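Hello,

Here is the structure I promised to pass on. My notes on it follow below.

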Amino acid sequence: MTNRRRICFLLLGLICFCVTLSFTNTRRDPANVNLLSDKKNGLVLPKDNILMLPHTDLECQKSLSPFGIERLDSYLQMNVTEDSSFLSTDLTEVTVLRSPTPLRVGDTLRMSIRLLNMDGKPVDTGGDYLRIWLKDTELRANVNGYVVDHGNGTYTAVVLLPWKGNPRVILSVANSRHHIALIMKYVEKHGLLHMMASQFIDSSGEQQEETQCSPKHDAFLRGCTLVDRCNLTVQNYGLPWFCCKPKSPFVTCEDIKNVKANRTTMISNLTWRIATKLKQQRIASFQILVDEEINYTQNLPSPSLPCQELKPEVTWNTLTPVGYYYNNNWINRICKPEPNDFTCLQDKRFVVLGDSNSRGIYHDLCLKSKSKLLTAHYTKEKPWHKLLKAKNTELNIDLMWAPHNPPFYVGPHQGLDTMRSVGNWLDRTPNDKPIVVIIHLYYHLSRTTLAVFRALVKDARAGVDRLLSRAPGTSVVIMGPHSITFRDTLEPLDYLRRCYEEIWFQEFKGLHDKVFYIDNWDRTVGSENVDLHPPPKTMTDVTEEILSYICRQNPLK
């Protein structure tokens, strides 16, 4: 071969390589981003540390993935100190894997990530939780991806390319394994991340006392030993609740009336620093070019199946992403939403239970149904975690919202009679008309143990079973966790999200064909939600999705 031919082949290869990647404005921000071919690792890993076990692509792509709870013991066994080797996002290496030529709508982009510590040494274990998502500010478009943990410090990030354009790819470390270990160990010891207390008042109302409480019977409580505690599980509607016994001779355990919470915590300075500073850290951010599909598709549409005909069990077995935003409209990838007239709410009773985010759904339903509020509106100046009711007499629509029972972080003292278990609220629900139940258990419970979260989900399952036995036509919707990246949140929510979804899936087995599950994670990661409460537009989209499932021509049997 002549030198000229060699040069021609080299130039041709270089051109093909650049076209294949189709990147524009690729840059380091802050990690090393390399463009290399795909590599497969043949790994033989020890099984004594479950964080070192690799996961499959399908496991991680599932919207409700397993493997969160099984990792808890490994996190609890970690010894995290000031001398531990912490991650460095600046040194972390990102390799974009070989992709189609050119990248088109409907393709997937895959990247290999090698985590390195601050001393430059490669991380040799898994257990860190990473994110990948795409966003295009001009198109008001975004989509969440998923990340596969190979158990040896390497990860594969995968994201769908649902629209034509010049989107930005963003990678981050959401929760490091050190963050998860420190918070979960603290919660296992104390039962709660932030302190809660109960108020005991005698029958005359003159004698009262406040003591520290926890949902964990053997938790460390200041002011009392294990034998000096009130078991208030019965008063908490069957869910665990233990408080220091009142010291006053005039007040007993049976005199419990109210609960309150505060921001007080006894976490160490190290835990505070890791939980607030070393989370949601960007690894890389760069733009790519996505061409239209061969048939000139600008963006992926929803499938043809109407959401009104979707079987509930499908919502428990979806793949990431369940949808994406395009032109600020939510594109459902499970089914095709149809416009809903609010008259489909006619002759129904809505029971919305959980926290302030489910209260947002309640308010949306009140607006859509043009119902009259029968109870006071929420105001930050007054206690508000109480039963809310609304009604549209003309259309025979009844709505209610109520908070779940402790641990529920209310500010001023609030009566236990206003914060009941999901099961208790459902038992009190009349079945004089078709019922729609919407349940959301999340952020208040992220400050306690996984065992307590499971206990509340078990109670919800038992309540749903009892309700379905006397009102078989009831529609039930579970709203899953959403992304929160607010700096002051200490909870490792990316890890807890996996655990919570796994618990919902396990505890509602046998009802997947009767209960819908709303995945709100993809919607809020892609849109980069920050606050505890997603924007009204996001929650309205959730309400619309709920209505698209329950406004059915043929009710579930």
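Cys366 is buried, at 5% relative accessible area. Buried means under 20% relative accessible area, exposed means over 50%, and partly exposed lies in between (1.4 Å probe, protein chains only). Cys60 is buried too, at 1%.

Before the rest, two notes on how to read this. This is a predicted model, so local features need pLDDT of at least 70, side-chain atom pairs count only at pLDDT 80 or more, and totals for chains, interfaces and linings use all residues. Residues are numbered from 1 along each chain as its sequence is written, and side-chain values use heavy atoms, with hydrogens and water left out.

Disulfides

How many disulfides does a search of the whole structure find? The search finds five. A disulfide here is a pair of cysteine sulfur atoms within 2.5 Å. With the bonded cysteines of the protein chain numbered in sequence order, the pairing reads 1-4, 2-5, 3-6, 7-8, 9-10.

Take Cys213 and Cys243. Their sulfur atoms sit 2.0 Å apart in a disulfide. The torsion about the S-S bond is about 110°, so this disulfide is right-handed. Cys213 lies in strand β10 (residues 208–214) and Cys243 in strand β12 (residues 242–244), so the pair ties together parts 30 residues apart in sequence. Strands are DSSP runs of E, at least two residues, and helices are runs of H or I, at least four; both are numbered from the N terminus. Cys213 is buried at 2% relative accessible area. Cys243 is buried as well, at 0%.

Next come Cys307 and Cys335. This disulfide has its sulfur atoms 2.1 Å apart. Its S-S torsion is about 95°, so it is right-handed. The pair links distant parts of the chain, 28 residues apart. Cys307 is in the loop between β14 (279–287) and β15 (323–326), and Cys335 is in the loop between β16 (329–332) and β17 (349–354). Both cysteines are buried.

Then there is the disulfide of Cys344 and Cys551, with sulfur atoms 2.0 Å apart. Cys344 is in the loop between β16 and β17, and Cys551 is in the segment after α11 (536–550). They are 207 residues apart. Cys551 counts as buried, at 12% relative accessibility.

Helix α9 (residues 493–507) has 15 residues and should span 21 Å at 1.5 Å a residue. The expected span is 1.5 Å times one less than the number of residues. Its end C-alpha atoms are 20 Å apart, which agrees. Of its 15 residues, 13 are buried.

How do α8 (residues 450–470) and α9 meet, and at what angle do they cross? Their axes come within 10 Å and cross at roughly 35°. Axes are lines fitted to C-alpha atoms, for helices over the stretch in contact, and angles run from 0 to 180 degrees between N-to-C directions. The α8 side of the contact is Leu450, Phe453, Arg454, Val457, Lys458 and Arg461. The α9 side includes Tyr495, Leu496, Cys499, Tyr500, Ile503 and Trp504. Contact means heavy atoms within 4.5 Å.

Ser172

Ser172 lies in strand β8 (residues 168–175). It is buried, at 1% relative accessibility. Leaving out residues up to four places away in sequence, Ser172 touches Leu130, Arg131, Trp133, Gln280, Gln281, Arg282 and Ile283.

Best wishes
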